[in-house]
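The sequence and coordinates are shown first.

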Amino acid sequence: MDPVTDELNATYITFGGHVELHKYRFLYFTIMFIVYVLIICSNSTIFILIWVQKRLHKPMYIFIAALLFNSLLFSTLIYPKLLVDFLSEKQITSLSLCSLQSFTYYSLCGAEFLLLSAMAYDRYVSICKPLQYDIIMGNRNVIILLILAWLLPACQLVPSLFISKNYKVCHLTLNGIFCNNASSQVFCMDSRASYVVYGVFIVLNTIFLPMLFIFFTYTKILIISYRSSVNMRKKAAKTCSPHLLVLISFSCLCSYDIVIARLQIDLDKTARFIMTLQVVLYHPLFNPIIYGLKHQDVTGEVQAQV
């Protein structure tokens, strides 16, 4: 049967990235279900505390709540479908749903970097321009930063939805367990130059430039803190270290997705499966752990509730 001419079959694609699913399906399901519940509970707990406690209604905690909410959206995008696939005989999805998942996946990844940039800017103003903090980081500006953080990545990815419609489907099997950059493998492309160029444009705007901005702000913070008192240095280290840990963690995971998935580097199936799981396993749990442990106000509220 020719998959190109068979319009019915070309509508659906199969996930071929699972490893010995017939043998370990219940083990995979149990582990991922437990992790998903932990992600929902941990992120939701801190998010609700920040929402309810008025004394935490400050820009820094609002951005933390936004980051945790982004993790909830990210996990909900991936986990339910993943759990269903673990228990299903066939791991399939429609091409339209795959495109939607990929679009939302990278929109939320881009939002993560922009939210981290907003948090870095908030710390920069707090430490380097304390007298102007209330004016610069007023409620109106905070809302604008939040809207831009979620809107800009999505707007940049809209052209990808139209570009993919210009290609025919040649392959019905996707070398992955959910739809990310690897979804481009199902399309016929005489030349991937335009695809790679567009990808570089997205990476520059969504990842590289925000990271440059973050490093610039933290460099300024370190310089000013070094010239200031010991208390100022402690304050800078206390407030900035969680953001840097989250940034490093997320950047490492994104680098895998870009290098392996988009450039289609040949990787052992088991290694690819394990690395793909790292992207959806660790980071959504990492955020509440880091911000819950590093920020005494949040930790105190959690302990008070318990």
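Phe-213 has a relative accessibility of 32% and therefore counts as partly exposed, a class lying between buried (under 20% relative accessible area) and exposed (over 50%), with a 1.4 Å probe and protein chains only. Its ring forms an aromatic pair with Tyr-121, 6.3 Å centre to centre and with 35° between the planes, which is a tilted arrangement. Rings of Phe, Tyr and Trp (its six-membered ring) pair if their centres lie within 6.5 Å; planes under 30 degrees apart are stacked, over 60 edge-to-face, and the rest tilted. Tyr-121 is likewise partly exposed, at 28%. Because Tyr-121 belongs to helix 4 and Phe-213 to helix 7, the pair ties together parts that are 92 residues apart in sequence. The structure holds 14 aromatic pairs, and one aromatic cluster consists of Tyr-24, Tyr-28, Phe-86 and Phe-273.

This is a predicted model, in which local features need pLDDT of at least 70 and side-chain atom pairs count only at pLDDT 80 or more, while totals for chains, interfaces and linings use all residues. Residues are numbered from 1 along each chain as its sequence is written, and side-chain values use heavy atoms, leaving out hydrogens and water.

The pLDDT, the predictor's confidence in each residue from 0 to 100, averages 82 over the protein, and 87% of the residues score at least 70. Confidence is highest in helix 3, at a mean of 93, and lowest in helix 1 (residues 7-10), at 46. Over residues 1-10 the pLDDT is below 50. Where pLDDT is low, the predicted coordinates should not be read in detail.

The largest nonpolar core has 72 residues, and Met-32, Tyr-79 and Tyr-105 have the most contacts inside it. Such a core is a set of buried Ala, Val, Leu, Ile, Met, Phe, Trp, Tyr and Cys residues joined through side-chain atoms within 4.5 Å. Helix 4 gives the most to this core, with 16 residues. Beyond its neighbours within four places in sequence, Tyr-79 is in contact (heavy atoms within 4.5 Å) with Met-32, Val-35, Tyr-36, Ile-39, Val-280 and Leu-281. A second, separate core of 10 residues includes Val-169 and Phe-187.

An open sheet of 3 strands has the order 2-1-3 and mixed pairing; two strands pair if DSSP finds at least two bridges between them. Strand 1 (residues 12-15) runs antiparallel to strand 2, joined by 3 bridges. Helix 4 lies across strand 1, strand 2 and strand 3, at about 90° to strand 2.

Terms used. Helix = DSSP H or I, 4+ residues; strand = E, 2+ residues; numbered from the N terminus. Axes fitted to C-alpha atoms, helices over the stretch in contact; angles between N-to-C directions.
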